[in-house]
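Subject: Handing over the structure

Hello,

Here is the structure I promised to pass on to you. Please open it alongside this email, and I will walk you through what was found.

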Amino acid sequence: MTTAAPALTPAPTGDNMAAAYGAAAFAMLIWGGTPAAVRLAVDGIDPLSAGILRTVLAAIVVLPLVFVLRLPRPRGRRQWVLLVVSGAGVFIGFPLLFSVGIKQTSVSHASLINAAIPLFTGVFGAIAERRIPGRWWVLGVALALAGEGLLIGFRDAGSDGVTLQGDLLCLASSVCSGLGYVTGARLALKIGSRASIFWGISVAGIIQLPLLYAFWGTTDWSNVPTTSIAAVLYMASFSTIIAFIAWYWALNKGGIVRMAPIQFSMPLISLTLAVVIFNETLSLPVILSGIIILSGIAIARKG
């Protein structure tokens, strides 16, 4: 989900590495199930309300912890700007755009489109650091984006419910996420990963409270299925809080170079759930697109 670099730590021991891999795998399992959870949520709840609730409910949990744990707060205009941009990208833009988008496309399409989030993270990271990426990185990004183009542009008889608008909204959510991860990582260098995450969730939740009030009436809450409520709670607790904590802990214990390859399991988990839960058919173009996208990401990581 992110390529944020943690602070340098001593070389990990065998026990630390096992724990780090376990935490990283746990985070990927949670995030891999998130597209399915979002789809279950928007099947019974207005997509904008579902996206807003995801962050607001998480903020209700973490805001008190910010003060109980005495987490450092951003200081100075620059750090507050980083916080707002990070929160807006990861905890506002991503959940809102993805919730609306997945309502208009398939879980498999949304999952593969979001698999490219590390690429957008890398693009924004290169811009922030004012560096020119290597040729292999550029080749990998070009290949992965070609796969995204194939996925979004191709329509066949088995792609019922898949719209161009839905795919593009999911793509926009990936861009927001990449921008948010980069700014959040830069803030984490100043105040720590946990403080950066918790402050980001808290600020994003507070900002969206008026939106929650405005869109509350768009859903008939008396007829919302239990699965949709459970899905929102899953997104608020596991996807937005627990997975982030587990992932950053794994990065700090095991190092980003060792942990990064585990991210390739996330779209595979999402695609499996798309088939098992929603009976989606993985057509040949979807499979080819997935192979191209993941191959491009692998090449980009080596560059």
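You are looking at a predicted model, in which local features need pLDDT of at least 70 and side-chain atom pairs count only at pLDDT 80 or more, while totals for chains, interfaces and linings use all residues. Residues are numbered from 1 along each chain as its sequence is written, and side-chain values use heavy atoms, with hydrogens and water left out.

Thr 219 sits in the loop that runs between α9 (193-215) and α10 (226-254). Helices here are DSSP runs of H or I with at least four residues, strands are runs of E with at least two, and both are numbered from the N terminus. Thr 219 counts as buried because its relative accessibility is 9%; buried means under 20% relative accessible area, exposed over 50%, and partly exposed in between, using a 1.4 Å probe and protein chains only. Not counting residues up to four places away in sequence, Thr 219 touches Gly 44, Ile 45, Asp 46, Ser 49 and Val 224. Contact here means heavy atoms within 4.5 Å.

One of those partners, Ser 49, belongs to helix α3 (residues 47-68). Ser 49 is buried too, since its relative accessibility is 0%. Apart from neighbours within four places in sequence, Ser 49 is in contact with Phe 215, Thr 218 and Thr 219. Its C-alpha atom is separated by 8.3 Å from that of Leu 211, although Ser 49 and Leu 211 are 162 residues apart along the chain.

**The chain as a whole**

How many helices and strands are there in the protein chain? There are 13 helices and zero strands. With 303 residues, a compact globule would have a radius of gyration near 19 Å, and the chain agrees with this because its own value is 19 Å. That radius is taken over C-alpha atoms, and the globule rule is 2.2 Å times the number of residues to the power 0.38. Along the principal axes, the C-alpha atoms fill a box of roughly 55 × 50 × 35 Å.

Of the 303 residues, 50% count as buried. Among contacts between residues at least 6 apart in sequence, 90% join residues at least 24 apart. The chain exposes about 13700 Å², and carbon and sulfur atoms supply 69% of it; accessible areas come from the Shrake-Rupley method with a 1.4 Å probe, and for residues only the protein chains shown count as cover.

On charge, the chain has 19 positive and 10 negative side chains, with the centres of the two sets 21 Å apart. Lys and Arg count as positive and Asp and Glu as negative, with His and the chain ends not counted. The place of a charge is taken as NZ of Lys, CZ of Arg, CG of Asp or CD of Glu.

**Other buried places**

Ala 23 is in helix α1 (residues 14-32) and counts as buried because its relative accessibility is 12%. Leaving out neighbours within four places in sequence, Ala 23 is in contact with Ala 246, Trp 249 and Ala 250. From C-alpha to C-alpha, Ala 23 and Lys 253 are 9.7 Å apart in space, and they are 230 residues apart in sequence.

Asn 114 lies in helix α5 (residues 107-114) and is buried, with a relative accessible area of 9%. A polar atom of its side chain lies 3.4 Å from the backbone oxygen of Cys 170. Beyond neighbours within four places in sequence, the contacts of Asn 114 include Phe 94, Phe 98 and Ser 173.

**Two loop residues to look at**

Arg 70, in the loop between α3 and α4 (76-102), has a positive phi of about 55° although it is not a glycine. Is Arg 70 buried or exposed? Arg 70 counts as exposed because its relative accessibility is 76%.

Asn 279 is found in the loop between α12 (265-278) and α13 (284-302). Its phi is near 55°, a positive value in a residue other than glycine, and Asn 279 counts as exposed at 63% relative accessibility.

Enjoy exploring it!

Notes:
Polar contact = N/O pair within 3.5 Å; in protein donor to acceptor, adjacent residues only side chain to side chain.
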